[in-house]
Amino acid sequence: EIFKLTSFLSLSLQAKMSRPVQAQRLEGTDKNIWVEFVKLAATYSTVNLGQGFPDFPPPDFLKEAFVRALSGENHMLHQYTRAFGHPPLVKVLAQFFGKLLGRDLDPMTNVMVTVGAYQALFCCFQAFVEEGDEVIIIEPFFDCYEPMVKMAGGTPVFVPLRPKAPKDGKLMSSADWQLDPAELASKFSERTKAIVLNSPNNPLGKVFSRGELELIADLCVKHDVLCISDEVYEWLVYDGKEHIRIASLRGMWDRTVIIGSAGKTFSATGWKVGWTVGPNQLLQHLRTMHQNSVYHCATVAQEAVAQGFQRELELYGKPDSYFVQLPKELQRKRDWLVQSLDAVGMKPIVPEGTYFLVADISKFKSDVPDVPDSDEPYDSRFAKWMVKNKGLAAIPLSAFYSGAHKNNYNHFIRFCFAKEEATLKAANDILQKWKQEKTSP
Ligand code: PMP
């Protein structure tokens with residue numbers, strides 16, 4: 001018996017793997033800001049303005065469409081659908097984006113449905129980026145671009161938006177963060193395969209102007225570069241600003257993939273329905289990636305999103321349209337949070353779009369002493385301290401910078417304002433109380 005036990009033990013020891021199991025392409029991509037900060041928020045926060053999701057429900061017409069899809073007569077909606085997108089959804093997306101872009105789109109070849117915008121991005125990098133290719137990313141950026149480029153074997157090349165001081169007495173705007181044209185041009189070379197554009201931009205809320213987009217477009221055409229255009233916040237644009245689609249600029253349709261998300265468009269981030277729109281010669285490679293990875297996304301969710309778009313197509317530009325109402329509502333929330341942050345001295349950068357805003361924490365630094373030789377950027381330690389000690393969750397701006405640049409702008413944090421009034425008021429109460437504690441020792 002003892003012999004059996006020892007041989008079993010030595011066998012199981014031998015059976016343990018000793019060689020590295022992880023593929024090299026995962027090197028350096030194991031850390032993820034969301035895993036860390038979502039856990040912190042769940043453990044400590046009483047008010048969560050961290051991760052980007054609304055705490056209000058999606059519109060009734062969308063929820064009703066989901067319920068109809070789920071419990072209606074068409075039980076085939078519980079089964080597989082077409083791999084590249086449920087036919088009713090690709091059809092209405094083709095109609096909708098055809099109208100926005102002023103061109104005829106073929107639902108079968110110019111549109112592909114993905115598991116959120118996240119998977120659309122992943123498909124793009126995997127399908128287009130070759131070992132050694134460079135991909136230009138504008139900082140600050142939605143954090144997943146960098147690991148996704150690296151996992152595809154590419155090299156991210158970063159170019160920053162640089163802040164200009166606002167006019168005297170004015171709050172800074174996301175429009176004050178601009179590309180330096182010469183610096184941007186210097187990043188393009190024969191190794192450049194693609195540029196990632198995110199307008200409206202997460203985390204700053206910057207909405208790129210026509211001039212800025214033309215600058216990018218001209219460089220793309222000159223260097224024969226692709227544009228991966230992440231437009232998930234396309235409807236969330238304020239103060240009468242216009243969201244301009246880079247694909248509509250001269251020479252850009254053939255080299256651009258537009259990425260969108262029902263999560264952002266209809267305030268239903270958990271549904272994970274996204275899409276790509278572009279020319280067939282690009283989308284055909286995204287289809288190859290998609291069919292060999294996820295194959296397709298949940299049919300009922302696609303059916304409901306299709307009905308949501310059908311409604312929006314009929315109400316396009318009318319006051320009842322959700323795409324008209326949502327930005328109005330969010331602009332009010334933005335203004336409220338801007339005012340609330342300004343009142344306590346946490347200077348906000350007023351965003352032109354998205355449901356995020358970035359605020360300057362310099363005046364609160366004395367509460368969270370610096371640790372001079374820490375590897376962790378100051379804003380990250382600040383955000384952790386804030387959630388643990390004040391119960392308020394936000395995301396450090398350094399999370400949206402590449403490793404080498406994380407300390408360039410490390411005194412800002414990002415708030416999400418797609419929240420119920422009560423949530424924003426609770427955040428305001430925390431900040432007010434904090435300010436009083438600071439001034440009356
Ligand atoms: N792009 C940007 C700029 C985002 O902010 C997000 C979500 N935070 C995504 C893509 C991913 O969108 P989805 O939830 O549809 O995967």
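**Loops, strands and helices in the predicted model**

Leaving out neighbours within four places in sequence, Pro54 is in contact (heavy atoms within 4.5 Å) with Ser267, Thr269, Tyr355 and Ala418. This is a predicted model, in which local features need pLDDT of at least 70 and side-chain atom pairs count only at pLDDT 80 or more, while totals for chains, interfaces and linings use all residues. Residues are numbered from 1 along each chain as its sequence is written, and side-chain values use heavy atoms, with hydrogens and water left out. Pro54 sits in the loop between β1 (47-48) and α3; helices (H or I, at least four residues) and strands (E, at least two) are DSSP runs, numbered from the N terminus. With a relative accessible area of 11%, Pro54 is buried (buried means under 20% relative accessible area, exposed over 50%, partly exposed in between; 1.4 Å probe, protein chains only). Pro54 and Gln436 are 382 residues apart along the chain, and their C-alpha atoms are separated by 29 Å.

Now to strand β3 (residues 134-139). Six of its six residues are buried, so β3 is largely enclosed by the rest of the structure. In a regular strand, side chains alternate between the two faces of the sheet. Here both faces are covered: Glu134, Ile136 and Ile138 are buried on one side, and Val135, Ile137 and Glu139 on the other. Strand β3 runs parallel to β4 (residues 155-160), joined to it by six bridges (two strands pair if DSSP finds at least two bridges between them). In this pairing Val135 stands opposite Pro156 of β4. Getting from β3 to β4, the chain passes through helix α6 (residues 145-151) in a right-handed β-α-β crossover, meaning that, with the strands pointing away from the viewer, the path from the first strand over the helix to the second runs clockwise. Strand β3 is also joined to β7 (residues 192-198), again in parallel, by four bridges, and Ile136 stands opposite Ile195 there.

The loop between α6 and β4 holds Gly154. Gly154 is buried, at a relative accessible area of 10%. Not counting residues up to four places away in sequence, Gly154 touches Val129, Glu130, Asp133 and Val149.

Elsewhere, four strands form an open sheet in the order β11-β12-β15-β14, with antiparallel pairing. The edges are taken by β11 (348-349) and β14 (395-396); each has a single partner strand, so one side of each lacks a neighbour in the sheet. Two bridges link β14 to the antiparallel β15 (residues 412-416), with Ile395 opposite Arg414 of β15. Helix α13 (residues 378-390) packs on this sheet, touching β14 and β15, and its direction makes about 50° with that of β15 (axes are lines fitted to C-alpha atoms, for helices over the stretch in contact, and angles run from 0 to 180 degrees between N-to-C directions).

Helix α13 also meets α2 (residues 33-44): their axes come within 9 Å and cross at roughly 25°. The two helices are therefore roughly parallel (under 35 degrees; over 145 counts as roughly antiparallel, 65 to 115 as roughly perpendicular and the rest as oblique). The contact involves Glu36, Phe37, Leu40, Ala41 and Tyr44 of α2, and Ser380, Ala383, Lys384, Val387 and Lys388 of α13.

Helix α11 is mostly covered, with twelve of its 16 residues buried, among them Val300, Phe309 and Leu313. The buried residues of α11 pack against α3 (60-71), α4 (87-101), β2 (111-115), α9 (262-265), β10 (273-277) and α12 (322-344).
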